Amino acid sequence: MAYTVPKLKDLSDATLIAAVNECIRACEAEADAVETEAESKALRDRWLGRKSGILTRINEEWLRAAPKEAKKNVGARVNELRFQIEARIIGAEESVKDRQKKRSVEADRIDMTLPGISRPIGAEHPIIRTMNEIVAVFRNLGYSVQEGPEIETDYYNFESLNFPPNHPARDTQDTLFIANQRTKPLREQLLLRTHTSPVQIRTMEKIKPPIRIVIPGKVYRNDPPDASHSPMFHQVEGLAVDTNITFGDLKGTLDHAMKAFFGSNVKTSFRPSFFPFTEPSAELMVSCFVCGGSGRRGSDTCRPCKQTGWIEILGCGMVDPNVFEFVKDNGYDPARVSGFAFGMGADRIALLKYGVDDLQLFFQNDVRFLRQFA
Ligand SMILES: [Zn+2]
């Protein structure tokens, strides 16, 4: 039964204490029953409401009605009662809040024993890894890495590299030109670079000699894709320019690099060749690291070296003085400096290194294939 303010039969201390205790017990019982926020608000209004709350009525019926000589004692009892009632109502409000918080924590709880969501981390592509390994060999020799744009002008891709105007590489049969360039002067016409060599000129324009640089990057040619060709492939080039650089430096550097990359057992051999931007030019062969140079694997012939015992790895040579003429103003006087350059196809080396027989596999992004190299 809900509590109502009783009329006191007298104002003796015993009567007052009994009435106060009864009131507190009633409030306690109501506070214990509170479960929701709405209920706790109703409880506060019922007991502490300014206009018609129980404590307001006790004030009127017990205190205000008391004769003058009893007011002090009744006032002290009523104040004590107010203090006790407030404490219980605040207690009820706190416990409602606690219950709510607990409920929301329960709802948000994560089951830590469930397995997590695993995301595959991925791995370096075998061609990128090969390029990084080649670059690392030259970085250890003090070379720094340079990069340049993949869309180039005819000037940087051909003219400054000593390609004559009628060189077959300048034909659309071989090179991918950007459309609608024919009205521009030849040297400004845009194309997809056919080698990383334009970066050599761009670097020599920026940095005075001596320089030692290595240039990894994508290059493009008008080749239909097949097992050994792709319209996009990767090169790593190098360039060293200083006073008194000789062909001996070239041979020593590349022999060291090939041993560092393929293993200390490989032998190197140079065969005369031709490139427009080097003179003299050479092709570098390494002894076959698959068959050890014998040309045979057991009773079978060795395919990677086509039974010759040698594998062609790169082109190289001494920088043609005509190339230095284009950057003469930045300290590259061909009468004073000399240098060597080399370039290799990273894709072909990756094919040989990983024993893959079709270049297209590298570019088809089939995870089943790529995962083998991770
Ligand atoms: Zn072989």
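Predicted model: local features only at pLDDT ≥ 70, side-chain atom pairs only at ≥ 80, totals over all residues.

Residues are numbered from 1 along each chain as its sequence is written, and side-chain values use heavy atoms, with hydrogens and water left out.

**Strand E4**

Select residues 211–220, which form strand E4; strands (E, at least two residues) are DSSP runs, numbered from the N terminus. Eight of the ten residues of E4 are buried, so the strand is largely enclosed by the rest of the structure. Buried means under 20% relative accessible area (1.4 Å probe, protein chains only).

Two strands pair if DSSP finds at least two bridges between them. Here valine 145 lies opposite valine 214 of E4.

Then select residues 232–242, strand E5, which is antiparallel to E4 and linked to it by ten bridges. Histidine 234 in E5 is the bridge partner of lysine 218.

**The zinc site**

Finally, select the zinc ion: Cys288, Cys291, Cys302 and Cys305 coordinate it through their SG atoms at 2.2 to 2.3 Å. Donors are N, O and S atoms within 2.8 Å of the metal (3.2 Å for Na, K and Ca). Along the chain, the zinc donors follow the spacing C-x2-C-x10-C-x2-C. The arrangement is tetrahedral because the four donor atoms subtend angles of 102 to 118°; for four donors, this term requires all angles to lie between 85 and 135 degrees. Cysteine 288 is buried, at 1% relative accessible area, and cysteine 291 is buried at 13%.

How values were computed
Buried < 20%, exposed > 50% of the residue type's maximum accessible area, 1.4 Å probe, protein only. Helix = DSSP H or I, 4+ residues; strand = E, 2+ residues; numbered from the N terminus. Tetrahedral: all angles 85-135°; square planar, octahedral: opposite > 155°, others 65-115°.
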